[in-house]
Amino acid sequence: MAELKEARVPDIGDDKDVPVIEVLVKPGDSVSKDQGLVTLESDKATMEVPAPFDGVVREVKVKIGDELSEGSVVALIEPAGDAAEGGSKPGPKSDAKSEPKPEPKAEPKPEAKPEAKPESKSESQPPKPSLPAMNAGNPNSPPVSFDAEALMPGKVPHASPAVRLFARELGVDLSQVSGSARGGRISKEDVQAFVKSVLSGGGAARTGGGGLDLIPWPKVDFAKFGEVERKPLSRIQKLSGANLARNWAMIPHVTQFEDADITEMEAFRKRLGEENKDTKVTPLVFLIKAAVAGLKKFPAFNASLDGDELVLKQYFNIGIAVDTPDGLVVPVIRDADRKGLLELARELGEISAKARDKKLSSADMQGGCFSISSLGGIGGTAFTPIINAPEVAILGVSRSAMKPVWNGKEFAPRLMLPLSLSYDHRVIDGAAAARFTSYLSQVLGDLRRLLL
Ligand code: CAO
């Protein structure tokens, strides 16, 4: 066997520890130069790491979920003939977390973020030459990348460049295919299943309501009716908009409402705030604690759908929706079950500040199990939050208010907190949702229940 050479992650700009979301090759596969080996997805872009030369894959060094940075070794490839000029020799360290190559770069750095490609247009056109093709044999060449800016609902189905190419070859319109991979992403298997279903006659049923046969978005010349100003959406708005639209369209949402009596909790919160003047203790930290207790008691709420399986998580990471001037972001508080109220309050302050200063990394927003969207500081009596896929439920919190509550003898003034739990009805039944919100209400009404 000829000497094996490493395929490494090329220059991917400022991104670090970017998760692998797809492994596109396996040992024994023949690959040609620039063919995608794995797909990486940061919060900003999806990109394929290309093979630096023609050859046969002998070993794949990474798996889905590994986090890679520039220089990480992706695979060992046996080069085919002379085409191997661009390969580098295997080094002693070749795990997924291996750090960038030591040798200084002789050439000036290529553009860190390649220009966005309008994927929607390319769907029906032959594939354009990829960026690595312009930089033949250089393992530092930028990966094939399409900018997440282009991910607008209705325009671009969520799929990697390799899957897009595969679909184009089969003449499949990706907007007709449902994605079963992480976050609704369309995999090669989804395209194959779609083709099979069409060939067996199942596809015809789609026009009878199986797909989203939507009429086009209304095109209106608003200026005809009065003065207007045009303002581009921020990057965060585009990204979160695409995610929200997909989640709203794909998840059968139901929202369960409940009021929690937080009169005693509020008195305790105020005491805690007075004793810890340097820490802002808001009702949200109690909600995080109550949510964790709920997830422990009702494990289906701490789950994700993966095809025909439910992935039940044994960790308790809570996403918090944070409103920023540029749009909505959801940083994650990790291991919330192991943190006390004050620690949670401090961490909440830190991540909110980081979010508003645009300093959140993609790692800060990953790994969530369940999200809380609190509008309580602003107002409102109830709302229907959209589930943050692949989570299966989200808790909306509105503003607490003093209300007369019948205690069996008389109406007593109680501080009531409105809760709105949206859940994925494929995973959670209405009865389970009602039990979950009742439990949250009991815990918030009597915090001693957290000790049970
Ligand atoms: N009822 C009454 N008062 C509440 C409350 C509630 N449910 N929740 C918070 N408050 C109070 C707080 O105690 C605080 O009062 P003081 O200023 O007197 O201390 C005030 O409202 C402001 O709280 P806050 O918003 O700064 O802090 P928080 O911990 O409640 O929330 C954060 C933090 C980051 C979640 C919040 O600032 C935020 O961004 N919320 C918006 C989330 C959002 O946009 N969700 C919608 C998603 S769908 O589009």
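Student: Happy to start with a lysine: where does Lys 339 lie?
Tutor: This is a predicted model, in which local features need pLDDT of at least 70, side-chain atom pairs count only at pLDDT 80 or more, and totals for chains, interfaces and linings use all residues. Residues are numbered from 1 along each chain as its sequence is written, and side-chain values use heavy atoms, without hydrogens and water. Helices (H or I, at least four residues) and strands (E, at least two) are DSSP runs, numbered from the N terminus. On that numbering, Lys 339 sits in the loop between β16 (332-333) and α7.

Student: Is Lys 339 buried or exposed?
Tutor: Buried means under 20% relative accessible area, exposed over 50%, and partly exposed in between (1.4 Å probe, protein chains only). Contacts (heavy atoms within 4.5 Å) of Lys 339, leaving aside neighbours within four places in sequence, are Lys 289, Ile 333, Arg 334, Leu 344 and Glu 347. The relative accessible area of Lys 339 is 14%, so this lysine is buried.

Student: With which side chain does the side chain of Lys 313 make a polar contact?
Tutor: Lys 313 is in the loop between β12 (309-312) and β13 (318-320), and its 12% relative accessibility is why it counts as buried. Beyond four places in sequence, Lys 313 is in contact with Asn 302, Ala 303, Ser 304, Gly 368 and Cys 369. A polar contact is a pair of N or O atoms within 3.5 Å; within protein, one must be able to donate a hydrogen and the other to accept it, and residues adjacent in sequence count only if both atoms are side-chain atoms. At 2.6 Å, the partner of the Lys 313 side chain is that of Ser 304.

Student: What share of the ligand's area does the protein bury?
Tutor: A ligand oxygen is 2.9 Å from a polar backbone atom of Asp 323. A ligand nitrogen is 2.8 Å from an N or O atom in the side chain of Ser 373, and a ligand nitrogen is 3.0 Å from a polar backbone atom of Ser 374. Of the 960 Å² that the ligand exposes when taken alone, the protein buries 70%.

Student: How far apart are the end C-alpha atoms of helix α8?
Tutor: The buried residues of α8 include Ala 433, Phe 436 and Tyr 439, and their cover includes α5 (263-275) and β20 (411-424). The expected span is 1.5 Å times one less than the number of residues. For the 16 residues of α8 (430-445) that gives 22 Å, in agreement with the C-alpha distance between the ends, 22 Å.

Student: How far apart in space are Leu 451 and Ala 293, C-alpha to C-alpha?
Tutor: Leu 451 is in the segment after α8, and counts as exposed because its relative accessible area is 75%. Leu 451 and Ala 293 are 158 residues apart in sequence, but their C-alpha distance is 9.5 Å.

Key. Accessible areas come from the Shrake-Rupley method with a 1.4 Å probe; for residues, only the protein chains shown count as cover.
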